[in-house]
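I opened the model today and kept a notebook of what I looked up. The entries follow in the order I made them.

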Amino acid sequence: MVLTTHFVALGLYALATVLVLAPFAGLRPAPRGLLLGVPIAGIAAHALGVMRLTPFMGVAPTLSMLALFLALFQVASEAAFRASAVGVFTGPLATGLIGLALLIGLVPEARPVAGRSPWSILHITISILGLAMLALAFIAAALYLLQFRELKAKRFGQVFRLFPPLERLDQLNHLSLVVGFPTVTLGVLLGFGVRYAGGVSVNAAQVVWGMLMWLVLGWAVGVRVVRHWAGRRAAFASIASFAAVLLVYLALKLTTPGTQRFL
Amino acid sequence: MSITVLGVNHRTAPLEVRERFAHAVGEVPQSLERVLAAGARGGVLLSTCNRTEFYLAEPDDAVPEAVWALLSERLGGAVGRSASEYGYIRRDRDAVRHLYRVSAGLDSMILGEPQIQGQVREAWDVSKPVAGPVLHRLFQSALLVGARVRSETGIATGAASAPSAAVAVAGKIFTQLAGRSALILGAGDIAELAATCLVAEGVRVTLVANRTYERAKAIAEELGARALPLDEAWDHFSDCDIVLSSTAAPHAVVTWDRVAPAIGRRGGRPLCILDLAVPRDVEPAVAQLENVFLYDLDDLQAVAAHAAAERRNDIPAAERIVTEEVERFWGWYGGLVVVPVLREFRERMEAVRAAELERTLRRLPHLSPEDRDQIEYFSQALLNKFLHQPTVALKEAARAGRGYGLLDALKRLFGLERRDGT
């Protein structure tokens, strides 16, 4: 069941990605109903699979959940912001992540010594949700910079035609950051709670680096909200902070390799 | 029976000629009345800045001359040529195809432009009292064809003119244009035209600045804005969203020194500057300022050309729809013409049969009533047999849109001209 729903979701996400990318290849844009309907069907199938994955043990279920949230944000971006171009990033990313999760194996290799507590599952879910929001902020910022460059350089090609207006991308970036950061913060707080309640052991390096990254993300949100940065500067800040998170994650994974745990 | 279009358009006549042919709405009935008096069953006059065309149902031979005479009068000897030298005539299917292509924007100066659809509708509305049933149907279908082509192909996508490109470019910077404020520099026609396009999108023109204050005031009143002298405009670069510049200055008037301080106070909000003047009004260095997006006429024409190139890819699909719809109309039209002519044909043959039967029976008085009935039945059956194949062939040809040629032959062969009321 878990594998079947994941394979169905994989196929639908791949189709949704093709639909989003088709206009960039000079094909007629797909109807909006299809742009929304196909990923929604994928999300429905995927959600069924993810619900059966709990407790989340290992990298694969976490990647699967991250893919689910990205697909969800792709639909939300199109529905609320008419930003189907977000799918240029989220589509391949969600498809790739779910594909990777299937490759790694959705059944954890190492069985947990003890089952996950509900708090632990909530911590993981909220943290991944926050991470997906920050990824959306990163994507909006990247799209912003691409469109900005095209407009400044007076190039009126596919990016100019198919990407949303700058201001809308800036709004999407702003919203993702200001919602994503508190979500990540909540996830971190729950993580502390879980750790000190004795749920899951976390080494000191992860705590230190995690806190540092939280501060970097806080800075990106702070310059937007407190110092009222907008546009290109805010986009750069958003991209820099998310890139820092990714780099630190990769560094930590290199020091503690394996697929048994996400962190 | 036939449908004919006579006219001139942007391909056949220069602007100075076309503007003389252009009819105001109030002039249309008078011109149509005059043309119809030369012998036509119905007419519609489509007159825009790019074309003046008379669509006529069943015109007599004298009608083209009447049309060219009417248009030549409007030239008034100004160009020393007759209107017919700029004109064209399309008949029957070609005339229908022509109108469908016009309505679809395939014959427009800017491929796929949407205004022509409204102009076709207006021409039909104004000419309705004298259009007649055939042209009524033709124009009704032309509007549907225009709508179908626009919805099923990409012929109307993108911004294919400079003013609409200005709107498209601004629309890629701001989430929505409605409620944005615009500052107009200069009071020329181009600025006014582009401002009208922006206003149509909901942009508020708040200020109009011009070297001549009185001229600025006149345009500002039209647009519901405030007028100010040009030199007082620079400070307002801090609070407007769009600047539209089209002064007649021989050098750049919007310079870095003049506007950089005001733009610095914008707090990073984007500013879209549309420079429609030739020579340019805005110093290129202004584009280096943070979050300033500067576009001149060449840039906007590049946007328009890009959209036009995209639209050109859809011409074959649009032409296919037009061809399909021409055949549909022609099928209807052929059927419309066939019914009365066939009725007339059968009546004529029946009259001949009845007359010959009566003459034959007069010569054979010895026949019994049963024999006379047999002979009458024979004549009836023979006539039906003779008429069956031509009737079927004509109806089939009409359904396939080829009825008109066969019908013409039938009318000539059996002397039906002028007896079917056509």
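**Entry 1: Glu167(A)**

I started with Glu167(A), which sits in helix H7 of chain A, residues 166-196. Helices here are DSSP runs of H or I of at least four residues, strands are runs of E of at least two, and both are numbered from the N terminus. The model is predicted, so local features need pLDDT of at least 70 and side-chain atom pairs count only at pLDDT 80 or more, while totals for chains, interfaces and linings use all residues. Residues are numbered from 1 along each chain as its sequence is written, chains are lettered from A and ligands numbered from 1 in the order in which they are written, and side-chain values use heavy atoms, with hydrogens and water left out.

Is Glu167(A) buried or exposed? Glu167(A) is buried, at a relative accessible area of 17%. I used these cut-offs: buried is under 20% relative accessible area, exposed is over 50%, and partly exposed is in between (1.4 Å probe, protein chains only). I then listed what Glu167(A) touches, leaving out residues up to four places away in sequence: Ile173(B), Phe174(B), Thr175(B) and Arg180(B). Contact means heavy atoms within 4.5 Å.

**Entry 2: chain A overall**

I counted 9 helices and 0 strands in chain A. Of its 263 residues, 49% are buried. Among contacts in chain A with a separation of 6 or more, 80% are between residues 24 or more positions apart. The accessible surface of chain A is about 11,900 Å², and carbon and sulfur atoms hold 74% of that. Accessible areas come from the Shrake-Rupley method with a 1.4 Å probe; for residues, only the protein chains shown count as cover.

I checked helix H5 of chain A, residues 118-153, for length. Its 36 residues should span 52 Å at 1.5 Å a residue, and the end C-alpha atoms are 52 Å apart, which agrees. The expected span is 1.5 Å times one less than the number of residues.

**Entry 3: cores**

I looked at the largest nonpolar core next, which has 100 residues. A nonpolar core is a set of buried Ala, Val, Leu, Ile, Met, Phe, Trp, Tyr and Cys residues joined through side-chain atoms within 4.5 Å. Tyr13(A), Leu274(B), Tyr295(B) and Leu300(B) are among those with the most contacts inside it. H5(A) gives the largest share of this core, 17 residues. Another core lies apart from it, with 48 residues, including Val96(B) and Leu387(B).

I followed Leu300(B) further. Leaving aside neighbours within four places in sequence, its contacts include Ala162(B), Val169(B), Leu274(B) and Tyr295(B).

**Entry 4: salt bridges**

How many salt bridges does the structure hold over all chains? The total is 30. I counted a side-chain nitrogen of Lys or Arg within 4 Å of a carboxyl oxygen of Asp or Glu.

Lys154(A) pairs with Asp299(B), with the closest N and O atoms 2.9 Å apart. Lys154(A) is in the loop between H5 and helix H6 (158-162) of chain A and Asp299(B) is in helix H10 (residues 297-312) of chain B, so this pair joins two chains. Lys154(A) is partly exposed at 27% relative accessibility, and Asp299(B) is buried at 12%.

Within chain B I noted Asp235(B) with Arg265(B), closest N and O atoms 2.7 Å apart. I also noted Arg269(B) with Asp241(B), at 3.5 Å from N to O. The latter pair links distant parts of the chain, 28 residues apart. Arg269(B) is partly exposed at 36%, whereas Asp241(B) is buried at 10%.

Most residues other than glycine have a negative phi, and most peptide bonds are trans. I therefore noted the exceptions. Arg82(A) has a positive phi of about 50 degrees. Arg82(A) lies in the loop between helix H3 (59-81) and helix H4 (86-104) of chain A, and counts as exposed at 52% relative accessibility. Glu58(B) also has a positive phi of about 50 degrees, but Glu58(B) is buried at 15%.

Which peptide bond is cis? The bond from Val278(B) to Pro279(B) is, with omega near -5 degrees. Pro279(B) is in the loop between strand S9 (271-275) and strand S10 (292-296) of chain B.
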